[in-house]
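Subject: Structure handover

Hello,

Here is the structure we talked about. Please load it before you read on.

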There are 6 protein chains.
Amino acid sequence: MRIVVTNCNTTQEMTEEIVRGARAAAGPGTTVTGLTPAWGPESAEGWLDSYLSAAAVLDTLRTYEEPYDAVVMAGFGEHGREGARELVEVPVVDITEAAAHLACMLGRRYGVVTTLDRTCGQIEDSLDTAGVGRNCVAVVGTGLGVLELGDSARTEEAFVRAAERARDAGAEVLVLGCAGMTGLQRAVGEKLGLPVVDGVGAAVKLAESLVSLGLTTSRAGSYAKPLPKRREWGEGS
Amino acid sequence: MRIVVTNCNTTQEMTEEIVRGARAAAGPGTTVTGLTPAWGPESAEGWLDSYLSAAAVLDTLRTYEEPYDAVVMAGFGEHGREGARELVEVPVVDITEAAAHLACMLGRRYGVVTTLDRTCGQIEDSLDTAGVGRNCVAVVGTGLGVLELGDSARTEEAFVRAAERARDAGAEVLVLGCAGMTGLQRAVGEKLGLPVVDGVGAAVKLAESLVSLGLTTSRAGSYAKPLPKRREWGEGS
Amino acid sequence: MRIVVTNCNTTQEMTEEIVRGARAAAGPGTTVTGLTPAWGPESAEGWLDSYLSAAAVLDTLRTYEEPYDAVVMAGFGEHGREGARELVEVPVVDITEAAAHLACMLGRRYGVVTTLDRTCGQIEDSLDTAGVGRNCVAVVGTGLGVLELGDSARTEEAFVRAAERARDAGAEVLVLGCAGMTGLQRAVGEKLGLPVVDGVGAAVKLAESLVSLGLTTSRAGSYAKPLPKRREWGEGS
Amino acid sequence: MRIVVTNCNTTQEMTEEIVRGARAAAGPGTTVTGLTPAWGPESAEGWLDSYLSAAAVLDTLRTYEEPYDAVVMAGFGEHGREGARELVEVPVVDITEAAAHLACMLGRRYGVVTTLDRTCGQIEDSLDTAGVGRNCVAVVGTGLGVLELGDSARTEEAFVRAAERARDAGAEVLVLGCAGMTGLQRAVGEKLGLPVVDGVGAAVKLAESLVSLGLTTSRAGSYAKPLPKRREWGEGS
Amino acid sequence: MRIVVTNCNTTQEMTEEIVRGARAAAGPGTTVTGLTPAWGPESAEGWLDSYLSAAAVLDTLRTYEEPYDAVVMAGFGEHGREGARELVEVPVVDITEAAAHLACMLGRRYGVVTTLDRTCGQIEDSLDTAGVGRNCVAVVGTGLGVLELGDSARTEEAFVRAAERARDAGAEVLVLGCAGMTGLQRAVGEKLGLPVVDGVGAAVKLAESLVSLGLTTSRAGSYAKPLPKRREWGEGS
Amino acid sequence: MRIVVTNCNTTQEMTEEIVRGARAAAGPGTTVTGLTPAWGPESAEGWLDSYLSAAAVLDTLRTYEEPYDAVVMAGFGEHGREGARELVEVPVVDITEAAAHLACMLGRRYGVVTTLDRTCGQIEDSLDTAGVGRNCVAVVGTGLGVLELGDSARTEEAFVRAAERARDAGAEVLVLGCAGMTGLQRAVGEKLGLPVVDGVGAAVKLAESLVSLGLTTSRAGSYAKPLPKRREWGEGS
């Protein structure tokens, strides 16, 4: 099975890190290919970035010509998943919803710990429209930007502090609220005594699940194939 | 990986059918063991049956002594999953929630087609508490009892008729609302032109996903281990 | 009028205490009979206990042969009420919903103070499905187990502390969240300056109300009579 | 126990009819006194009437000097109940909420059948703020005005037709959506095979319940006593 | 364009202050006329006052004979707007909803700062029924009564303290929760670094908008014209 | 006052039509400038188009160098408004929310009539996140694509047919669900006997209102200014 993982930003190192996380989760017969958008923001933090990212990721998928069996969209809380569902013929799994789907089965209520406070609202909206917002009790920011997550000691500490706020709000399970946090789940889970779900790993497993069950996106209603028409993808295209 | 699948009723033939469906979905390294409760209802249709079934299934798990890595609870809309999460040390996936989790990723809204009308309310409640009720637009009965599903032509026809009502209500994806419908997904999906999710297969894949990611139920809050105390499981025990 | 009150656990002393509370609330022409399940948990604290209790209570009702006019189910937040509605011909009132119904008429928002934190989620779910969750602003645990409520000074103190958290969350009325707290309402109400509703008393009055108005459970849809079929109630039966 | 029942309009005959219904429901020790506002609309049908009625009913209570133990407000869907809770020292029960509270215990979903379509929205709002709107699946108008309910054959027929729409929407229990329908419950219930709840009777029983349990409105927060200040009740006062 | 602004209480000075605020917001071609009810409460604080006020304001509009193009109802959180929509032929804008409509476009979540805590619930209900409650995260009282707002230093200080609680709850925009606060928006907005919306100004602009677009209240369904019938407005009329 | 109106697609004729509608609504001192994205879809119909459109519109605003006082985004149900709020210093009003805000003040429930069924879900999501979804009872498609609206007789007929479905669902007010329908409101409103709100006109009036009240987007939390970073807008830029 061939899974394409799309980074939501143009930072190649982050794509590589995400691919490492995806491969660690993938089953034996699964290959993972990471795609970095040729344009877009270097990191997605806020709505402006998110909409720019959505178009760039869709453009990346539109112009990717190798065969694949599923798409994992690795932008936590970022826009675009419904457009990808229209565009491609295979299942599309977004790491935001994926983490939430698994979290719902591990505890009665879950919380998300993410990067900057400004992104919390987007994540809430994304969970709601995905249909899994009901059991989310808190989305909490660590105050660290996407490209500041490299210092893992600092990130862990900030994560644990934010996670305690989520736990006080009733979270029994935590979700890593950024693809750049992938790998953190073990360490912080032990410190907190709670299961911690990484969206990248979750999405890989859900994509494998859908493919192996022969399921793909419905074409009835919302996610019908895009109508043929003139579309220009950035001024240079 | 060893998955235990619990039938919610005492009908051995149904356990076997469920196990067949589960094995068809399971990955190469997964073994599936079906458990039939030693007591309970011969089929679960309504709240009385469901609560009786919940206790019987929990008793079955409590007294099962072989090692296993995950539990799949194969009673669509039946009670008990939270109790199993308290009881066992491994992930527990209920086919109701499992089907809904996958359905949410295949279309914007989904519908459930089930057996008797009397069970629709239970299913709605089960989806709500699992946190995946938001995108469900309809739970529709076929009018067929659990033990009447054997005649597959009649079942298919009744399913398609009920599914059309769900589609008119906005369903873009359908869910088989009874473990006894397992196997039907392909035929009715083709007739309806919609993806159809079988909860048994869905739950097996989700259980495999949780196990392979090293995730299990949170012990913080709701699903803490049962307190040691005197419990009697039926008058004879 | 003859009201049967079912304890949710096997502790005879608690049945007696509940019956005392029920009789204190009952009108002049009402007789109260307490039933203690022959099996089940000695106290219900969490989902495992609750499902076991539900089956045991239903079995108790199923095998009780004296005539009666209404059932009061005295397990706060415990499962089973819908099954009892299917099973018996007379009105069934659960103390959880009963307390909430009355609380809604005494203030704009109410809160529940209960035993262990692990039961709060169950209570929330029970209020929601009963249709009276909207005006509940908090369900707060005292940290005391069901069988630890005997020391009334300690219980009162723990209750008042927890109630203050509910009040800070906006509760204008409080509900005693355990049948074992019956009798506490007066003392803590005075300390807190808030009305405190005891579910046992509330349920007795609501049961009397339904009976005297000639109302009983609808047989249309959800609570139709159980279908005749083979059911076994525990291994020994 | 002395219950005061306030009609929401100035039509004396309707007060008498309501009092008859209230007395039929009242327990042996309960006396019922009907109050007809000295001003207000001759029937309440729509928001303008409802706000006028609310003030007139509050004025009626404010100036009523006999002692009483509870108030039943007999305007279905009409405004004013929260004001009465501030004003008087005893429990206040509105027939709208009362009928809904009982209906919730008789079936999983209920519906309301009322007079003119224009009042349906008000009733929905009233149920929502009372905290019992969740399980209401439909509020349906008969097309008959409040003062047109006298022809009981026509009213019954219109009621049954409207009730069928509520039943198709999932109602398992019906509520009489106008105090002027009191008495109809038996006849239409038999025709429909569903329990039918009359708000006047329901409110009387709930008022008796609250009084006998020693419960009254919370003074904390929303329903604190009115502040002393200058208030003029109509130009002539 | 002629806008009539109705004060919700009988305090003439407050009408004048509201009219000043309304005129400051009005466009060049707009004239503003303030109406003070001839009866009602001297200030509206709580449900009793609010229902009395609603009837008095409707009576004021009913008997006002000059021509006008729109009504602004200047009672924050007070009842009556739906009745006015039935009564008059022109658009009716309530300052509660008006402030919320604008606030929704200025930030993802807003909060309201009002007078006494007892009015918070009414405001929440008013926002909900107006359809704009979803993005409101907090309604917070300052502890100052309507007629205590004159000391502007004290009011500002109390407002800022309460606003900080709303901000902590997630408010990105604030709403002045009393017509008597009109004029405060600039000063407190600067101190808090947040946009502050005054309902009076907001309502004037929305009324002008509706009029200039040729839009007025729908007569279909809820806000049909009042039926002709006998109505008495206070005992003296 | 200078309002910039952004078309969501690259079809210049549609920009012109929208500008005509905007000018018809604008007050005497307001100038309207239409902007057509240099790239994006020729019409926006579905999520893929919508995300592409969002990025293109944001790019258009980012590179527009003339001064202006407010932005109107003229893509009904299209993404992007939150990004624009981050990007520019002036108020941003989206025609989707604008129409809904006004509709809420004209009737108790409103409905939207739009182009293709595939866009209905997007519109529902957009109304929900804008905080005005509660009173929307139906979003109904006409089956006509955005570029098929030119034949006004056909469009009117399709609109009226779809509007009747919305009315049956309880809509008392209608919203034109596409900027390309601007101008239709008068004709269909008369046929239907309901107020019909055009989002373009509504947004112009709301933008004027915000500007004239000195209100602009909150920078606290969600809509903080975009962080300085490397962003590329399409491959050619």
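Below are the conventions, then the findings by chain.

This is a predicted model: local features need pLDDT of at least 70, side-chain atom pairs count only at pLDDT 80 or more, and totals for chains, interfaces and linings use all residues. Residues are numbered from 1 along each chain as its sequence is written, chains are lettered from A and ligands numbered from 1 in the order in which they are written, and side-chain values use heavy atoms, with hydrogens and water left out.

Chain A, domains

Chain A splits into domain 1 (2-94 + 202-212) and domain 2 (96-199). The bounds come from an automatic or database domain assignment. The two domain centres, taken over C-alpha atoms, are 19 Å apart. Domain 1 of chain A puts 28 residues into the contact, and domain 2 of chain A puts in 30 residues. Contact means heavy atoms within 4.5 Å.

Chain C, sheet

Four strands of chain C make an open sheet, ordered β7-β6-β8-β9, with parallel pairing. Strands are DSSP runs of E with at least two residues, helices are runs of H or I with at least four, and both are numbered from the N terminus. Two strands pair if DSSP finds at least two bridges between them.

Strand β6 (residues 110-114) of chain C is joined to β7(C) by five bridges. One bridge pair is C:Gly111 with C:Ala138 in β7(C). Helix α5 (residues 120-130) of chain C packs on the sheet and touches β6 and β7 of chain C. Its direction makes about 150° with that of β7(C). Axes are lines fitted to C-alpha atoms, for helices over the stretch in contact, and angles run from 0 to 180 degrees between N-to-C directions. Helix α6 (residues 152-168) of chain C lies across β6, β7, β8 (173-176) and β9 of chain C, also at about 150° to β7(C).

Chain C, helix pair

How do α4(C) and α8(C) pack? Helix α4 (residues 95-104) and helix α8 (residues 199-212) of chain C meet at an angle of about 85°, with their axes 8 Å apart. They are therefore roughly perpendicular to each other (65 to 115 degrees). The α4(C) side of the contact includes C:Ala98 and C:Leu102, and the α8(C) side includes C:Val200 and C:Leu206.

Chain D, a covered strand

Strand β6 (residues 110-114) of chain D has five of its five residues buried. Buried means under 20% relative accessible area, exposed over 50%, partly exposed in between (1.4 Å probe, protein chains only). D:Tyr110, D:Val112 and D:Thr114 point one way from β6(D), while D:Gly111 and D:Val113 point the other way. β6(D) pairs with strand β7 (residues 136-141) of chain D in the parallel sense, over five bridges. D:Tyr110 stands opposite D:Cys136 in β7(D).

Chain E, two residues

E:Val5 is in strand β1 (residues 2-7) of chain E. At 1% relative accessibility, E:Val5 is buried. The C-alpha atoms of E:Val5 and E:Val72 are separated by 4.6 Å, yet the two are 67 residues apart along the chain.

E:Asp94 is in strand β5 (residues 92-94) of chain E. E:Asp94 is buried, with a relative accessible area of 1%. Leaving aside neighbours within four places in sequence, E:Asp94 contacts E:Met73, E:Gly75, E:Arg81 and E:Ser126.

Best regards

Notes: Angles under 35 degrees count as roughly parallel, over 145 as roughly antiparallel, 65 to 115 as roughly perpendicular and the rest as oblique.
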